[in-house]
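Student: I'd like to learn how to read strands and helices in a protein model. Can you walk me through one?

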Amino acid sequence: MSENWSDRRFELRLGNPGHGGFVVARHEGRVVFVRHGLPGERVIALVTEDRGGSYCRADAIEILDASPERVTPVCPVSGPGGAGCCDFSHASLHVQRDMKAQVVAEQLARLARVQRDVDVEELPGTGDGTGWRTRVRLAVDPDGRPGYHRHRSSGIVTDLACPQIEPAAYDGVSEHDWKPGSEVQIVLDGAGERHVVEIAPPKVSRTGRTSPGRRGAMARRAASGAPRAERVVVGSGRPVERVRDREWALAATGFWQAHRGAAETYSAVVAEWAGMSAGETAWDLYGGVGVFAAALAGDAGPSGHVDSVESSRQAVSDGKAALSDLPQVRFHSDRVERAVSGLASPPQVVVLDPPRAGAGRDVIDAVAAAGAERVVHVGCDPASFARDIGLYLAQGYHVDELRAFDAFPLTHHVECIALLTR
C-alpha cells in the first residue's frame, strides 16, 4: 500500500488535461490530478485527497512557471480550497475550450474507439465568459446561509460572488432567512424576470436515509421519490423562456438549459441533423418540456408524429401547454426505459438528451431495435457521451457529424451533439 500523501506538497510539471477539471501530473510513479493548473506549468501542489492506490488529488497553490494562457482568476470564490463552481477561472477562454476539446477527443478515442478532431464552439451570449448562466441552485448551510458547495465537500462557501450568473441574481438572497439544509433556486428568465424558490430539505425516512432528490445546479432530471416542498420567495415561480417564436412557461425548479444561448442553438442543430420530411415519425427521448419536439414537429408536419418521453410530470404538463397547437406531438410521462416499447414505430429519427449518466445499453439497444435511420444524441458529460457512442457503433451506426459547445464557460463541462446514421 502506498504512503498517504495527504497535506504533502510537491513540485510538479503539469501535463495534459483530464476529464473532471484537473491537469494530470506524475510523482514517484503515481498519478496526481491537479486542479487550478494549466498544461505545461511548473507548480507547487498541495495534496488534498489520497485514498491510496495509483493516484491522488491536489491543488496548485503556487505557480512557478506560468502558462501564457493563465489569467487573473475571474471567480473570487473558486480557487484552492474554495467553491467547486469554476474549475477554469484562471484560464483564458481560448485555452479552456482547447482543454475541453482534448478531453472530448480522448474520451471518444478511449471509450468508443473513435478518432476525431474536436472543436469546442462558443455559444451566442457568452461574452467574456461571465453572466451567461440563467439559473443557479444554491445549498443552505446549518446556519441558514446560502452558497456553493466546496469541491468534493459538503462544506459551503457563502460569499455569493460566482460570476457565471449576473450579480443581480443574488440581490437580497444572503439577507433572507432560509431553512437549514434547503436549497435556493434562482432563475433569470427570458422575459427579464427574476424568480427565487426555496426547496425544502429532503425528507428523512424511518431508516434515517434521505429520500432521493435533485441535488445541485447541474441536476438534469427530477429523481424518483417523494417531491420536496417548494416556496416561492421572489417572482411567480413560473419563468418564461423562448426559442424562436415559441414560449414556454415552466416551473422554476424544472429543467431548462443553463446557458442563455444553448436552447436555441441546440434546437437548430437537432432540426438540421434530424432532416425530417412531412409524414415521418420521430422519438424525442428525455424530452423535457418539448423544445426539440417543437423543432421536429415543424418539419414532420400535421401528417407526422413526434413522441416525446419525459419522466417529470410537471415538465410534461408544461410541454403540453406550450405545444398545444401541435397535435402531431404526443407527450408521455414515463421513464424512457419503460416507454420505448409502446411508442409509434418505426421512427425515422430519434433524438436523445439523457441525464449526465447517459442513455445506456438498454435504451440504445431499444432505439436500434426500433429501426431508427438517424439518431441525434446530446450529451453533457464527455465520458458517458463517448460510452453511448460506442454502444451505437456496436449496433451498426456511424458517426456522421459531431459538434461540441462551450455551454458552461469557466467550468470543465462541455456539451456534445452527434448525428449517427445506419
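Tutor: Let's start with pairing: two strands pair if DSSP finds at least two bridges between them. Helices (H or I, at least four residues) and strands (E, at least two) are DSSP runs, numbered from the N terminus. This is a predicted model, where local features need pLDDT of at least 70, side-chain atom pairs count only at pLDDT 80 or more, and totals for chains, interfaces and linings use all residues. Residues are numbered from 1 along each chain as its sequence is written, and side-chain values use heavy atoms, with hydrogens and water left out.

Student: Which residue in β19 stands opposite Trp-283?

Tutor: Strands of a sheet pair through backbone hydrogen bonds, either parallel or antiparallel. Here β16 and β19 pair in the parallel sense over 4 bridges, and Trp-283 faces Val-350 in β19. β16 also pairs with β17 in the parallel sense, over 5 bridges, with Leu-285 opposite Val-309.

Student: What is the strand order in the open sheet of 8 strands?

Tutor: The order is β7-β21-β22-β20-β19-β16-β17-β18, with mixed pairing. β7 (120-121) and β18 (329-333) stand at the edges with a single partner strand each, so one side of each has no neighbour in the sheet. For an antiparallel pair, look at β20 (residues 374-379) and β22 (residues 415-421), joined over 6 bridges. There, Val-375 has Leu-420 in β22 as its bridge partner.

Student: Which way do the residues of β16 point?

Tutor: In a regular strand the side chains alternate between the two faces of the sheet. In β16, Thr-281, Trp-283 and Leu-285 point one way, while Ala-282 and Asp-284 point the other way. Of the 5 residues in β16 (281-285), 5 are buried; buried means under 20% relative accessible area, exposed over 50%, and partly exposed in between (1.4 Å probe, protein chains only).

Student: At what angle do helices α1 and α7 pack?

Tutor: Two packed helices are described by the angle between their axes and the distance between the axes. Axes are lines fitted to C-alpha atoms, for helices over the stretch in contact, and angles run from 0 to 180 degrees between N-to-C directions. Helix α1 (residues 93-112) and helix α7 (residues 382-394) pack at about 40°, with axes 8 Å apart.
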